[in-house]
Each structure stands twice: as C-alpha cells, then as structure tokens.
Amino acid sequence: MSAAIVSTSGNVNQGDTLIDCNISELHYGKFKAVRDVAVKIGRGTITAFIGPSGCGKSTALRCLNRMNDLVRGFRLKGHVIFRGQDIYADKIDPVAVRRHIGMVFQQPNPFAMSIFRNVAFGLRLNGYKGEMENRVEEALRSAALWDEVKDKLKSSGLSLSGGQQQRLCIARAIATEPAVLLMDEPCSALDPIATHRIEELMHELKKKYTIAIVTHNLQQAKRVADMTAFLYVDTSQGGRTGYMVEYAPTAQIFENPKEQYTKDYLSGEFS
Amino acid sequence: MAVTRGNVPADNFAIDLGSLEHSLRQPRSLFSYVMSFLTGAATIAAMVPLFSVLYLLIERGIAGLNWAAFTDLPPAAMTEGGGFGNAIVGTLVIVAIATVISVPLGTLGAIYIADFGADSKIAAAVQFAAKVLTGLPSILAGVFAFATVVVVTGGFSAPAGGAALALLMLPTIMLTAEEAIKRVPSRMREAAIGMGATPTQVVTKVILPTAFPGILTGIMLALARAAGETAPLLFTSLFSEFWMSRTQPLFFPKTVSDLMKPTASLAVLIYNFSGSPFENQIAMAWSAALILVTLVLVLNFIGHSISKRYANH
C-alpha cells in the first residue's frame, strides 16, 4: 500500500507507507481509552499527533512500538502493520519490535551511567561487536551534541542540562539506527532554545529516519510535521474516549481543516 | 493595627516594623530557638553512651593488643600471653559464608518482590515474612541452623554458623535492596524497555547498576550486625581452641574437613572470656571486642568507598 504524501514545504514526497496503524478500539481493563485512530505513516516523514490532554495521543503513539504492553489490562482491537507485518501478531516479540522502533520520552531519561555508555547501551543490547567509539560519535553528532560532550564522554549522563539530556536520549535512540523514532512530547520539559534545537534536529533526522511525534505545542506541529493527526475526546458515552477527528497534511489541517472540531481547537475556541 | 482597605494606597498600610525583627519576644522566634536547642541537646544525649562505650573499648582493649594477639591461639586459664588469631580467621570465614548465602538470595528475592512479581501475592507474603524476620531473636536463628545444619551434618561447623547469620542478614538485605530497586526512577526502566531490552536486561543493565549503592548499604548494615552476633554461633559453630587449618597462609580452611568442625569466632571468644575469673582472659576479651568493632568499621569503609567510586563512574 502506498499513499502520496504532501509535505508542507511544497515538494511532494512520494513516500511509501512504513507504518499502517489502525486502532479500532483500545482498552485499559474496562476503560475504553482510544477508538478509531487510523494513520498511515510514510517513510522519511514526520507525523504529529495533536489534541487536548487525555485525548489518547500518547497512547496511540505508544501502540506503535508496543510500549502499552506494559500497562495492565491493555487490549487492542486493530492492527499496526510495520513493513508488511502486523506487530500485534501472536508470533511477534515486542522486545524485537522496540529495537526497530525507538522512542524518546517526555522527560529526558538518561541512565545513571556515563554519556558514552548511555549511547552505547542499545548497541551493546544488540550484541554489536564492531568499533564502538565511531558509532557513539556518529550518534552524538547526529543528535547535535558531540561538540558539547566530546571532552567529557566519561562523565555521567545525568550531569548534563535538560536540553542536553534530551539530545543524549535522542542519540541513544538513534545509535542503533532504528527505522522509526517515536517522540512523546520531547520538548515539554525544555526551554524554548532547547526546543528550537530539537526541532532543527528533527528536520535533519528526517533524512534518515521516519518520525512520529506527540506534541501539545501546535506551533511545533506546524513547524516540523508533514502530516498531522488531530485527536479529540469523546465524552458522549459517559467515559473519556479519545478518537481521531482528522488526519491530513499539516498545511491543510492548519489552514483549511475539514472538521469543525479541528477548526475550533486550532483557533482556541476550546477553553 | 487599624488597617483600612480600598481607598488607601498600598504603601500607606501601617506595619509594625518591630514585628519584622528577630527577637526572643516573638513567640515564633522563641519557639524556633527552643526547638533548635532541644534537637542539639538530644543529639548530645544520644552520643554520650555511644562515645563512652567506644572510649571504654579503646582504653581497655588497646592495652592487650600486640602482635601475638593476632597470631597466637587463645590462652588457657592461668597462663600469660596468647591471642585470638583463630577467632579472627573464624569470624571472617563464618561471615563470608553468611554473605555468600544471603546476598544472592536477598538480592534476587528483592528483584522479584520489587519488580517481576510486584503486586503479586507471593511478593506480599515474602515481604511480610521478611519484615517479621527482622525482629527475629537471633538465638532462634541459631536454633534453626542447629536443627537444619548441625543435626543433619552431624556436628558444629563454620557453615552452620554461616547459615544462622545468613538467616539474620537475609531480611535486612532483601528489604533494603527492595527499597533501592524501587527508588530507581521508572522512566529509566521505561527508557530501557523502549530501547528493546528484555526484562532480564532491564534488571541487569539498568536497575541493578543504578540501585547498587543502596543494595551495598543494606549488605553492609546486615554484615555489621551479623559479625557481632554471639547467640546464634553458640548453637552452630561453638568455639575452638585451634586454628581451622594447620597450614599457612593465615591458617584459613583449605579442605571441607577444615570447615566441618567447631570454629572459633570473636563474638563467642568475647562471650567466653568476659565471664572468666582470669585477668589475662578478660583483657583478651576487651582486645577482641576492639578488633571486632574495628573489623566492622573497616568493612563499612570499604563498602562506602566502593559505592562512592561506583557512583562517580
């Protein structure tokens, strides 16, 4: 399956679909958290999930590398097809899925070990035996952190500033060269300068990786994303179930949304 | 203070400037001073017995300390000289056995109750049992090891003493390790899982290294307590007037039969000699007590510096 994806910058990105995610129902125990989210994520694009708190955008993102498996009572009706394989098929090992679909979290979460070992962590997990120094340097350069840490690779990852820690986490995630990078509000704990650096970085990373990002910051989605999915909360059946209202190229979502909900949310009509 | 609001500019509110000053006439300042004094006084009161015991120990113990104390066997009644070299070796061996048993069991158990089996009924039961066992009278640990090791193997031995001490160390190690593991931020766990680490890799590569200083502290606490225990050893290792092995180095045990016989320990030597009517033996008990305390102190320093060096890496 392939979908023509229009990038915001105007040039048409004829990317083939890397992830085809279709969540018809997602439960945590008896609680129906998300329904009707269907996105096709093209190779080499950035896809943003936006929407109010509790709309299930993080939950939807965490479906893409089976992080939700850790939550008790998690059940999914639907499929997430990655490179032609449903990652929720019985025979699939979620651990292996996560090695191909990396994740950057809301709070920077480096391990309590040296900067070098943080970046080398994933490589060592995968049993990488080659030249470790080069791979670590390459990852740190890709994360635009190398110049700031090259003289103190042995000091703790926790000694860095918040923005540096987040870039370290990005370096750690891309060191193993995953196909997809999921970012769950990666800038929400950072100041505007650090945020700007991460956004610049995402544009660089896009050349090599496919990125899906959850963000509260509408401007950020506008700045970085090719495609944007707008999720909203449905309270009509008594619960709080998130669902997807609209999924379209970012320019279209922001300039000419089809749905009234999207229009209202983006213009700040919802308080 | 007559304060009128509304039409008066904020600057003109009357403030009693005296109320801003530090003064014992102010109830809040007075209360604060009194409480500060009380905490200081309580600290000193708590230190008096601690330091007087230490002072007495050093004063009485140092007199009998000489090279022979470390190299010679315990003196018989009415004789001069002698030492407690075999008791030092015995204590080290028994405590080492206890550590080898209790550290893996305690740490692995803690991993289960804090991580893999958290919220399970087994974990809750084990945790409850461990809490109860921290209050176990140490003599019962001795009776337990007597029944399970001494009776089964047919005699008093160093491993029997080690088993008794291990039983005392286990709950402390398990509960402190559990706390240390639970203190590892869940986002580090999440990061490792997100990297594609298996549950075992999450534990061995992230959780244990991060929790290591805390786990080590628990081990040191347990060790310090166990090294000074007398009652559980009376039923298990008993005492010996002889070296564990006839051969150097240090007369450490080299064969199974070296281990499987009554073994001297500092704690039991102190117990035996402190009640003795002979001055030489009483002096020896004081010196042995000083060495025991020093030994625990040294172990603590080593543990502390390991965890500090580890934290810096």
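Two residues are in contact here if their C-beta atoms, placed from the backbone, lie within 7 Å. This is a predicted model, in which local features need pLDDT of at least 70 and side-chain atom pairs count only at pLDDT 80 or more, while totals for chains, interfaces and linings use all residues. Residues are numbered from 1 along each chain as its sequence is written, and chains are lettered from A and ligands numbered from 1 in the order in which they are written.

**View 1. D69(A) and what it touches.** Beyond its neighbours within four places in sequence, D69(A) is in contact with F74(A) and P94(A). You'll find D69(A) in the loop between α1 (57-63) and β6 (74-82) of chain A; helices (H or I, at least four residues) and strands (E, at least two) are DSSP runs, numbered from the N terminus. D69(A) counts as partly exposed because it has 16 C-beta neighbours inside 10 Å; the cut-offs are 20 or more other C-beta atoms within 10 Å for buried, 12 or fewer for exposed, and partly exposed in between, with C-beta atoms placed from the backbone. I174(A) sits 105 residues from D69(A) in sequence and 22 Å from it in space, C-alpha to C-alpha.

View 2. Most residues other than glycine have a negative phi. R83(A), though, has a phi near 50 degrees, and E177(A) also has one near 50 degrees. R83(A) lies in the loop between β6 and β7 (85-86) of chain A and is partly exposed, with 13 other C-beta atoms within 10 Å. E177(A) belongs to the loop between α6 and β9 (180-184) of chain A, and its 17 C-beta neighbours inside 10 Å make it partly exposed too.

**View 3. Helices α3 and α6 of chain A.** The axes of α3 (residues 115-125) and α6 (residues 162-174) of chain A come within 6 Å and cross at roughly 35 degrees. Those axes are lines fitted to C-alpha atoms, for helices over the stretch in contact, and angles run from 0 to 180 degrees between N-to-C directions. On the α3(A) side are I115(A), N118(A), V119(A), F121(A) and G122(A), meeting L168(A), A171(A) and R172(A) of α6(A).

**View 4. Where chain B touches chain A.** Chain B puts 15 residues into this contact and chain A puts in 18. On the chain B side, the elements giving two or more residues are α7 (186-194) and α8 (199-227), and α7(B) has the largest share, with six residues.

**View 5. Around A288(B) in the nonpolar core.** The largest nonpolar core has 151 residues, and L269(B) and A288(B) have the most contacts inside it. Such a core is a set of buried Ala, Val, Leu, Ile, Met, Phe, Trp, Tyr and Cys residues joined through C-beta atoms within 7 Å. Helix α6 (residues 158-183) of chain B gives the largest share of this core, 16 residues. Leaving aside neighbours within four places in sequence, A288(B) is in contact with F84(B), A87(B), L266(B), L269(B) and I270(B).

**View 6. Out in the open on chain B.** V152(B), in helix α5 (residues 138-153) of chain B, is exposed, with 9 other C-beta atoms within 10 Å.
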